[in-house]
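Subject: A structure for you to look through

Dear colleague,

I am passing on a structure that I would like you to read alongside my notes. Please open it first and keep it beside you while you go through the text.

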Amino acid sequence: MSTPLPRPSYAAVLRVPHARRTFAAALVGRLSYGTVSLSLMLALTRSTGSYAVAGLVMALFGATSVFLSPYRAGLVDRHGPRRALLPMALLYAALLCVTAAVCWRPGVPAAVLAVTAAAAGACTPPLGPSMRAVWAGMLPDRALLRRAYSLDGVAEELLFVSGPLLVGVVVGVAPPAVGVLLSAALVTAGTLGFVTSPATDGPRPAQAEKDRSGAPAGQAGAGQAGALLQPVVVAAAVGVSVSAVDLLAVAYAGERGLGGGTVAWVLAALSAGSAVGGLLNGAFPWKSAARSRLPFFVAGLGLCLAAAGLAPGLGTLVLAVTGAGLFVAPALTTAYLIADESAAPGFRVRAGAWCNTAVNAGGSAGAAAVGLLVERLPLPVCFAVSGAVAAVAALVPARRRAASAGRSARVSRRPSRSRPSRSRPSRSRPSRSRPSPSGRP
């Protein structure tokens, strides 16, 4: 007699065997990413006495973390979470400890700080993509998987809000370098709990996986680049738009003589809207395919940002930014789902890591570009340009990987363990990498 799958809901996601333990451990490790940036920036500023040097070292830390992310994810795909993720996390934590040690006292050469920080960033473990790959392995039902991704995205958003608050508490009683040590401890404990969970047995090393034709996983993934184009471009556009809001809110407050607290309210509205949008997106029983929904989400983000530039006052701006936030988490969650559908066997973590890289790279590029625009163009035009980036991303054509249909057919021929879900699944692959608005590590 078959065992029915639970009706799709957030509670059902957390009732799946080993889900709570695995998810909680991953969140502990990912909290490190919410604490490390501010802690390291404060420690570097205190050690060097120079914002320029601190900014340069942070840029190197971020660059190695972001742009090497797909390669680190490839190690997890090839060797599995237990053999690749834990050594990576231990090395990352050790290098953070070394960086904290050299920041403890002033007078350390900037070159030493740059080398240690860049080396630490290069070893950042891809906990976000790895967790999403595990979700896909645990949840063959697409409706449950969409809820899991939405829950994952909202939780990550909260981590990046609570992380700086935790650092604020730490630096109130200890040197900022202690915050860097705390980040090392969090990533070590979280990764250890994650890789020892029985759920991490699901994703198999890439060498062991073969596609339907019997080709090695690496060859099967050669044709997925076109299918990943849409989610990666959309993730980059979301990164550009979200980072633009940060600077545009500052410019808006300065132009109208408002206090610094105004900026906090605007950014809080963006985060709150994203959290609500993520939860609604996961709970709504969508009947359309993920590739069909994604352009509407990113276009909605662009239109709301353009409208925010016309806001006559703070209240209207907060409403418009909240509306934009409603589309952020759904766009990223859907991009991760499409990356999952596009992933060849043995490429799950890498597929999600490319979306993470796109979000972070887009955020960096957006901050730099908007900084130049604000000094040259009226503020409403800057908002419109930021929204246009997202709107243009909605025009990227959706392409499926050629082998995905065959893989879906193979999965559908497996004996069913349950009655069909009441929510009609999308026409995409049943299973499969948030980080981080969050496309993050």
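This is a predicted model: local features need pLDDT of at least 70, side-chain atom pairs count only at pLDDT 80 or more; totals for chains, interfaces and linings use all residues.

Residues are numbered from 1 along each chain as its sequence is written, and side-chain values use heavy atoms, with hydrogens and water left out.

**Confidence**

The term pLDDT stands for the predictor's confidence in each residue, on a scale from 0 to 100. For the protein chain the mean pLDDT is 80, and 82% of the residues reach 70 or more. The pLDDT is below 50 over residues 205-222, a stretch that has 34 contacts in the model beyond near neighbours in sequence; contact here means heavy atoms within 4.5 Å. The pLDDT is also below 50 over residues 403-439, where the model has 115 contacts beyond near neighbours in sequence. The helices themselves are DSSP runs (H or I, at least four residues; strands are E, at least two), numbered from the N terminus.

Axes are lines fitted to C-alpha atoms, for helices over the stretch in contact, and angles run from 0 to 180 degrees between N-to-C directions; under 35 degrees counts as roughly parallel, over 145 as roughly antiparallel, 65 to 115 as roughly perpendicular, and the rest as oblique. On the H7 side, Met-131, Arg-132, Trp-135 and Ala-136 meet Leu-145, Ala-148, Tyr-149 and Asp-152 of H8. The residues of this contact divide into six nonpolar, no polar and two charged, where Ala, Val, Leu, Ile, Met, Phe, Trp, Tyr, Cys and Pro count as nonpolar, Asp, Glu, Lys and Arg as charged, and the others, Gly among them, as polar.

Phe-23, which lies in helix H2 (residues 19-48), is in contact with Met-131, Trp-135 and Asp-152, and also with Leu-14, Leu-151 and Ala-155, leaving aside its neighbours within four places in sequence. Although Phe-23 and Met-131 are 108 residues apart in sequence, their C-alpha atoms are 7.3 Å apart in space. Phe-23 counts as buried, at 7% relative accessibility; buried means under 20% relative accessible area, exposed over 50%, and partly exposed in between (1.4 Å probe, protein chains only).

**Two further helix pairs**

Helix H5 (residues 81-103) and H9 have axes that come within 9 Å and cross at roughly 170°, and H5 and H9 are therefore roughly antiparallel to each other. By class, their contact has 18 nonpolar, three polar and one charged residues.

Helix H14 (residues 314-342) and helix H15 (residues 348-374) pack with their axes 8 Å apart, at an angle of about 145°. From H14 the contact takes Leu-332, Ala-335, Tyr-336 and Ala-339, and from H15 it takes Ala-351, Gly-352, Cys-355, Asn-356 and Val-359. Sorted by class, these are seven nonpolar, two polar and no charged residues.

Gly-277, found in helix H12 (residues 260-283), is buried, with a relative accessible area of 6%. Not counting residues up to four places away in sequence, Gly-277 touches Leu-326 and Pro-330.

Ser-241 has its place in helix H11 (residues 225-255) and counts as buried, at 1% relative accessibility. With residues up to four places away in sequence not counted, Ser-241 touches Leu-301, Leu-305, Ser-386 and Ala-390.

His-18 sits in the loop between helix H1 (10-15) and H2, and at 41% relative accessibility it counts as partly exposed. Its phi is near 75°, a positive value in a residue other than glycine. Most residues other than glycine have a negative phi.
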